[in-house]
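Me: I have a two-chain model open and would like to talk through the terms used for it. Could you take me from each definition to the conclusion?

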Amino acid sequence: MIASTIGQGILWSVLGLGIYLTYRILDFPDLTTEGSFPLGGAVCVTAITNGVSPVIATLLGVIAGMLAGLTTGLLYTKGKIPVILSGILVMSALNSVMLFVMKSPNLSLLNKPKIFSLLNFAHLPANFDVILIGLLVVIIVIFCLLSFLNTDLGQAYIATGDNEVMAKSLGIHTDKMKILGLVVSNGLIGLSGALIAQSDGYADINKGIGVIVIGLASIILGELLFGELTMLERFIAIVVGSIIYQLLILAVIKLSFDTTYLKFYSSVILGICLIIPELSKKFSEKKGGSINE
Amino acid sequence: MKNQRLKYSVYLLVFVLLGSFVMGMKKQETKIVKPIPKVGVLQFVSHPSLDLIYKGFVEELERQGYKDKETINIDFQNGQADQSKLSSMSQQLIGKKPDVLVGIATPAAQALANQTKDIPIILGAISDPKAAGLVESNNKPGGNITGVSDQSPVEAQLKLMTQLMPDIKTVGVIYSSAEDNSLSQVNRFKDIAEKEGIEVKTYAVPSTNEISQMTHVMTGEVDAIYTPTDNTIANGFQTIVSIADEANIPIFPSVDTMVDEGGVATIGINQYDLGVQTAKMVVDNLTGKMTPSDTPIYTFNTGDLVINEEKAQKLGITIPQELKEEAKK
């Protein structure tokens with residue numbers, strides 16, 4: 001069961017990586033997530049049920065997510081709609097888009113090929129297909145992100161998030177950077193949605209509810225546990241954070257808490273994680289020690 | 001990697017993974033003696049009808065001699081509509097090596113079905129298991145899944161409607177566009193009604209938030225309202241009732257409990273009976289009387305006639321004496 005939870009954590013970490021690009025680097029909350037996540041799954045599952053190979057179907061899920069991000073980006077930069085509102089508009093509209101794509105609110109993948117079936121030949125123990133494919137995807141994603149952030153374009157992207165006014169004065173088209181960020185971020189979120197839908201075995205238009213919390217959890221747990229990090233370490237920390245969050249949820253279920261109130265427990269876990277840095281800061285100030293370790 | 005803590009965390013995770021890889025490779029040998037049977041139940045969300053199914057399930061098991069914690073272990077998980085947790089919950093249930101699994105409502109059943117191809121799964125309250133991709137065919141499921149369908153006796157319901165309102169011309173159907181089970185029922189209703197010469201107007205709502213407005217629109221355009229078996233509508237049913245009452249429009253629900261909540265009448269499948277039937281199939285499986293692969297999905301042909309006489313009187317609907325006698329209460 002631990003292995004399957006780790007597998008889930010790896011798949012969800014792609015969502016965390018996507019959210020990191022907007023939430024931490026550009027410093028704005030993008031609510032498109034709750035729409036682009038199930039959209040990625042919906043597009044992918046529809047494609048697979050129509051006979052498209054799972055790998056291509058997964059990529060279609062990514063493209064769908066990117067288009068969702070592009071829409072939000074255009075509304076935000078060109079339409080001057082506040083970013084939260086743009087995200088909400090797109091998220092809400094995507095609900096109908098998914099219905100249009102799937103022609104039904106829920107579509108099953110039972111007995112259909114999935115991206116994880118690629119490893120069927122290896123006769124791995126249960127759940128290791130998810131872990132290996134998940135790891136492969138995560139490694140590719142992290143590699144691409146690092147390469148991107150090290151280019152001139154990537155540096156301009158980071159600068160936009162650090163200080164928009166200064167970035168503008170340096171001749172960076174900050175609006176383009178924001179659109180770029182939203183496109184890439186939602187592409188990753190769509191990817192995560194496509195992978196999770198395949199691992200769950202179905203796509204559902206309500207699958208996006210609350211996923212933003214799961215993504216933020218992996219980022220926050222990673223930051224809390226590991227502190228200051230380089231960019232590569234930061235990305236790895238998000239993956240580890242995502243796995244730990246899934247393990248915490250497993251622990252809550254395992255300890256036979258009443259799972260009716262699971263959302264409460266997961267909020268409490270996150271709340272505590274968010275408070276700890278503040279508390280330890282206060283504590284070390286009182287002791288007269290330095291804030292940093 | 002310079003950060004020591006991160007480095008060691010990654011090492012630890014890799015170590016755990018290698019450990020479980022090795023364990024996974026050789027676990028075929030383990031055999032466990034089971035003293036009492038175990039049933040894992042995954043319910044999608046709490047609302048009156050689904051809760052009643054579970055109640056009927058537990059009580060019927062007890063009547064058949066399987067008392068929870070004494071002669072059977074029932075492991076119950078409720079997803080509370082959070083689909084991101086259904087998969088973890090299924091794994092948790094399967095991890096306890098149950099003899100039978102029960103999925104109540106479609107997403108829960110799909111989550112279970114995706115995790116195991118060996119442990120028998122009995123479906124509770126899934127309208128059309130084939131459409132939900134759970135079985136190959138409703139008559140011959142083929143895999144490890146069979147169960148009970150909550151498909152309503154639509155024809156009987158429509159007949160009742162025309163019996164109570166002989167000059168009915170337009171019926172409005174309100175249903176959730178976010179639920180798989182509703183649309184097929186709405187389409188069946190529409191087909192049958194239009195053959196009878198009744199016009200059917202459909203109103204799809206994306207969530208409970210839109211029910212109020214949609215009902216306001218609907219009450220201006222129809223003679224009566226029909227609601228399918230639908231979780232979203234069940235949750236927002238009180239909204240429909242209060243608005244329809246203002247406009248003096250009768251509601252004919254598909255679910256018997258909804259008649260008590262303000263509908264006029266229905267021929268409905270008793271949700272409790274759905275649970276009872278689910279329990280019977282679980283017991284048959286435990287005792288080896290049936291295997292899922294060749295047991296057809298159980299569908300109710302008839303249902304209980306339920307009438308809300310007080311409501312009918314208020315709306316000026318006269319109920320024929322023979323129906324009064326046929327009604328259970």
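Reply: Gladly! Let's start with polar contact: a pair of N or O atoms within 3.5 Å, where within protein one must be able to donate a hydrogen and the other to accept it. Keep in mind that this is a predicted model.

Me: What does that rule find across the interface of chain A and chain B?

Reply: Ten residue pairs, both partners at pLDDT 80 or more, are in polar contact there. On the chain A side, H10(A) gives the largest share, nine residues. By class, that side has 27 nonpolar, 13 polar and nine charged residues.

Me: What makes S6(B) and S8(B) paired strands?

Reply: Pairing takes at least two bridges found by DSSP. Three bridges join strand S6 (170-176) to strand S8 (224-227) of chain B, so the two count as paired, and they run parallel. In S8(B), B:Ala224 is the bridge partner of B:Val171.

Me: Why are S7(B) and S9(B) said to stand at the edges?

Reply: The open sheet has the order S7-S6-S8-S9 in chain B. S7 (199-205) and S9 (251-253) each have a single partner strand, so one side of each is left without a neighbour in the sheet. From one strand to the next, the twist averages 25°.

Key
Residues numbered from 1 in each chain as written. Chains lettered and ligands numbered in written order. Predicted model: local features only at pLDDT ≥ 70, side-chain atom pairs only at ≥ 80, totals over all residues. Heavy atoms only, no water. Polar contact = N/O pair within 3.5 Å; in protein donor to acceptor, adjacent residues only side chain to side chain. Helix = DSSP H or I, 4+ residues; strand = E, 2+ residues; numbered from the N terminus. Nonpolar A, V, L, I, M, F, W, Y, C, P; charged D, E, K, R; others polar. Axes fitted to C-alpha atoms, helices over the stretch in contact; angles between N-to-C directions.
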